[in-house]
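Hi,

Here is the structure I promised to pass on. Have a look at it first, and then read on for what turned up.

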There are 2 protein chains.
Amino acid sequence: MPNTAPSLRFVIVGGVAAGASAAARARRLDERASIAVLERGPDVSFANCGLPYFIGGEIRQRDALSVQTPQTLKALLNLDVRPSTEAVAIDRPNHRVQVRDLAGGTTSWMPYDRLLLAPGAVPVRPSLPGIDDPRILTLRSLGDMDRIKAAATSAAHVTVVGAGFIGLEMAEQLVRLGKNVTLIELADQVLPPLDRPMTQLIADELRRHRIDLRLSDRVVSFAATADTLVCHLASGTTLSTQLVILAIGVRPDTALARAAGLALSERGHLRVNDHLQTNDPHIYAAGDAIETTDLVTGTPSAVALGGPANRQGRHVADRIFRPAHTPPFPGVLGTAIVRVFNVAAGLTGWSEKRLRAAGRPFRTVTVNDNHHAGYFPGAKPLQLKLLWDPADGRVLGAQVSGLAGVDKRLDVLATALTGRLTIDDLAQLELAYAPPFGAAKDIVNLAGFAACNARDGLVTLVDALPADPAVQILDVRPPPLVQSHPLPVPHALNIPLGALRGRLGELDRARPVVTVCALGKSAYFAARILAQNGFQVTALAGGIRAHFDPLSPAKLPVP
Amino acid sequence: MPNTAPSLRFVIVGGVAAGASAAARARRLDERASIAVLERGPDVSFANCGLPYFIGGEIRQRDALSVQTPQTLKALLNLDVRPSTEAVAIDRPNHRVQVRDLAGGTTSWMPYDRLLLAPGAVPVRPSLPGIDDPRILTLRSLGDMDRIKAAATSAAHVTVVGAGFIGLEMAEQLVRLGKNVTLIELADQVLPPLDRPMTQLIADELRRHRIDLRLSDRVVSFAATADTLVCHLASGTTLSTQLVILAIGVRPDTALARAAGLALSERGHLRVNDHLQTNDPHIYAAGDAIETTDLVTGTPSAVALGGPANRQGRHVADRIFRPAHTPPFPGVLGTAIVRVFNVAAGLTGWSEKRLRAAGRPFRTVTVNDNHHAGYFPGAKPLQLKLLWDPADGRVLGAQVSGLAGVDKRLDVLATALTGRLTIDDLAQLELAYAPPFGAAKDIVNLAGFAACNARDGLVTLVDALPADPAVQILDVRPPPLVQSHPLPVPHALNIPLGALRGRLGELDRARPVVTVCALGKSAYFAARILAQNGFQVTALAGGIRAHFDPLSPAKLPVP
């Protein structure tokens, strides 16, 4: 018989995404390791990205969310999984963790050879007057989910605070349950990680489903009455509701790490090296609680997302049990997506606002197209914003919104970021094309074309119509469209693209021209004609759809 | 007024994908160029990938396929487009093309400064007895489409020869029209560019829709009777049909180039440099008629696909009108996809059969998963085969088949090939994850994991069950599944994965073991347990689904 003494004692604090992945991978790598998973909550390895969908009934089986239980993990992986068990202290010199059984209240010490901290994050709960009302809930665990689902049953009106990914998913699912929903967001847009124009489609979709969207506002206090909860907003508005879901973000759950003297970032994330090791070489960290590096720039970055957490947990097991085979952890992109009713939006890499805040040079284009060949039935519009480094053309980030194919383009662009591709590479990317699936020139190719054109000076793009009346605004859309959906400026001249070469005389060569169309393409074509005929010309980037959506004939149709 | 004399005379032979793209791009770059497009057929710039879908009625408007007409191209782009006009000779020393007006029959000479040959390809029509029967048609142009659509009206039975991309699309659309369809393919599989196991799903879907699929067979002669056409097959079978669609491939239409003494490949493709220039520096070539380089290996490669043709045409215009800004054409991947009823399959880069034929070293894994998180409703199965270079782990190619999300994974893998990513990169790829769109570990990540595990010796995969009865076959599926869908071997032992550690005594340590499960994952887990307990063990790659599909409980469900 082989030796059955433990090869190594691996203790994992946190049993959801990163912790469970680390434990499973560790067991594949070493049958003889002693592997213990300590989870403060009652559940391990559950699908926390699915919680909103069970509340709304789109996922019907609660069991579907419980990926594993301690029993299945024992049977399949011979893991010592301890739910409702809190790690309360780390005795680093003696390589042991103090463990409290939350049911029995007893504490004990558990020795480790290697420790992984995967404590995750906890929802932010601001200290506002009235915040302790039991009708103000957050969503992080299966227990939270059950509480919200139960509370929603009797609530006619629910207020969701925060229009980030979770807030949007909750708002949608609450509408699905027939609730009246108010959604409050501090920023002047939904989905704050994205740039504002790329979130317009989501905002429109929320309003179309009668969600009362309040941007640039926040709750300053809550007041309880017998059967309602009154939210006082910074704008002065008062709002009566029956249930409040707080979804304003999470903070890393690193009190244990801090007490143990492990290095934390300013925002409280565990600092790790590129093998996800903390400043104590016997202690690793993974998941929502850590700060790793940004894959694009190499700068510190903390993202609280399921995908990276799972892979980080796996990486730690690799690093501990087969270090020679384990390349450094590459860092994170922050790729994220959300579906809101019939539309979706997401990003990968850096946004314009983040690049601006960091003072990094960038250029950007926004393009519009269909998700597959326009001649094939069912083509649906989508919009793509691309950001790149003017020094070398390398892609820095991208955002996509639309009715179909958003996830595909984000995945292509995330892969492009991983491969450090340039805008020239995107122009030439050879994606799968058959009419039901794509186009001979996919929107990702178009973004590459547009970016190269901008870089090479074939066109100068502007992001807004000029206020200066000396600038001629040339609308090149077909006249019927211009009449039904005029530009919101009084002095635009309409010459359809096909007639432009013959009607150049109607423009004043001495004054600059801005060309405008529905989606951006014809304006570019017109600008090329004018530039080569000696005009000083710029084109409105992304067309009217990207700037005056409510006015636009190109407004995304809703199926 | 600016100078209006032509800056350069650009003549383009061929006005569909590459030719039309080159003309449009050239005009954006140079208002003053004289740009002429000579097209032998009656139509220019039509969507030839859409032709089968109009025949079947899935695309209803014929106009949708006519992207542009000579009139719109004149108005929008000031192009001199001449349909039904054939370039019959090139006088290279004098930089002129002899042009025949196919309607009037007159010929004339047209001078050029730069010439682009984008003649495309023509369907192969083998010289078989009876091949000239008017009921034997091919599909390449709008006219071909109209002829097939008309002929299909009165045909009860249609025979499609060739189960490549076009043949499959035609077979599907003919079933849509209510026809009885026989599909004959020379190879022992459909979709010959793919490896056989990855085409099983498509073959099953064809049969499920009552298509009479005849693999490993071919027509040797046709015999006409009054109201039927009799196909005699190599197998000895005789088949009565009313209409035959030949879809056995295309050959480059390079007679003009050959007569002009331009360099051709052995298979008759125009040879070009990395700026798509022929051996005459004033003559460029693009589209289905050329041989360019393979993006993965740099070896010569000819692919007849719409995406590359469009981008090659655009590249030629760039190269002529702004050479300083134009990087070399990067080459082609051969990314392709086909939808067949409710399933899809495709590839990018190199297949196993192609790598074998070229004698290139490779390794491969096949993985199975769902197209998004399994806990979210609507998850559909898909299968991914990955090939990589054992020297450095670089991805060489991939194939995907399944019910949803096939195009997305192909596009991610095409981008990975462009970025020269390795299997380690795929394992860490950060793709967009929300339950409706993906999974915390996407199938692309799983393929990366499986490939790294294989490379690092964590598991040794086998592609078939051993015939040697000395090898123990261990089936780790749950017993009910084993009973309802037993392995097609008499001596398999069933120990479900969760019980394996406690039942190792049932296995003979002196004899090798092959582990088997439904999808490949549990067999890998079991192999890890056995290997670490001193067994000599291999695992069946990709599970039963990849090898014994008809027997498998994991057989892809049909919605």
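This is a predicted model: local features need pLDDT of at least 70, side-chain atom pairs count only at pLDDT 80 or more; totals for chains, interfaces and linings use all residues.

Let's start with how chain A is divided up.

Domain 1 of chain A puts 6 residues into the contact, and domain 3 of chain A puts in 10 residues. Between them, the two domains bury about 570 Å², with 52% of that on carbon and sulfur atoms. On the domain 1 side, the residues that lose the most area to domain 3 of chain A are Leu295(A), Val296(A) and Thr297(A), which together make up 77% of what that side buries. As for polar links, there are 3 residue pairs in polar contact between domain 1 of chain A and domain 3 of chain A. The interface of these two domains also has 1 salt bridge across it. If you want to find a salt bridge in this part of the chain, go to Asp294(A) and Arg354(A), whose closest N and O atoms are 3.2 Å apart.

Now for the two chains together. Chain A can be laid on chain B with an RMSD of 0.0 Å, using a turn of 180° and a shift of 0.0 Å along the axis. The two copies are therefore related as by a two-fold rotation axis. Both copies use the same surface, in that 100% of the contact residues of chain A recur in chain B.

How much area is buried between chain A and chain B? About 7500 Å², and carbon and sulfur atoms give 58% of it.

Arg25(A), Arg314(A), Asp318(A), Arg322(A), Asp424(B), Arg455(B) and Asp456(B) are linked in a network of salt bridges.

Over all chains, the structure holds 66 salt bridges.

The side chains of Asp195(B) and Lys385(B) form a salt bridge at 3.0 Å, N to O. Asp195(B) sits in the loop between β11 (180–184) and α6 (200–208) of chain B, while Lys385(B) is in strand β25 (residues 381–388), so this pair ties together parts that are 190 residues apart in sequence. Asp195(B) and Lys385(B) are both buried.

Next comes Asp442(B) with Arg409(B), where the closest N and O atoms of the salt bridge are 2.6 Å apart. Asp442(B) is in the loop between α11 (423–428) and α12 (443–455) of chain B and Arg409(B) is in helix α10 (residues 406–418), so here the parts tied together are 33 residues apart in sequence. Asp442(B) is buried, and so is Arg409(B).

Arg356(B) and Glu352(B) meet in a salt bridge at 2.7 Å, N to O. They are 4 residues apart in helix α9 (residues 352–358) of chain B, and because of that they are separated by about one helical turn. Arg356(B) is exposed, with a relative accessible area of 54%, whereas Glu352(B) is buried at 12%.

A last stop is Asp91(B), in strand β4 (residues 85–91) of chain B. Is Asp91(B) buried or exposed? Its relative accessibility is 13%, so Asp91(B) counts as buried. Its side chain makes a polar contact with the side chain of Arg96(B), at 2.7 Å. Leaving aside neighbours within four places in sequence, Asp91(B) is in contact with Arg96(B), Trp109(B) and Tyr112(B).

Cheers

Definitions and conventions
Residues are numbered from 1 along each chain as its sequence is written. Chains are lettered from A and ligands numbered from 1 in the order in which they are written. Side-chain values use heavy atoms; hydrogens and water are left out. A salt bridge is a side-chain nitrogen of Lys or Arg within 4 Å of a carboxyl oxygen of Asp or Glu. Helices (H or I, at least four residues) and strands (E, at least two) are DSSP runs, numbered from the N terminus. Buried means under 20% relative accessible area, exposed over 50%, partly exposed in between (1.4 Å probe, protein chains only). Copies are superposed by least squares on the C-alpha atoms of residues with pLDDT of at least 70 in both. Contact means heavy atoms within 4.5 Å. Buried area is the accessible area (1.4 Å probe) that two parts lose on being put together, summed over both. A polar contact is a pair of N or O atoms within 3.5 Å; within protein, one must be able to donate a hydrogen and the other to accept it, and residues adjacent in sequence count only if both atoms are side-chain atoms.
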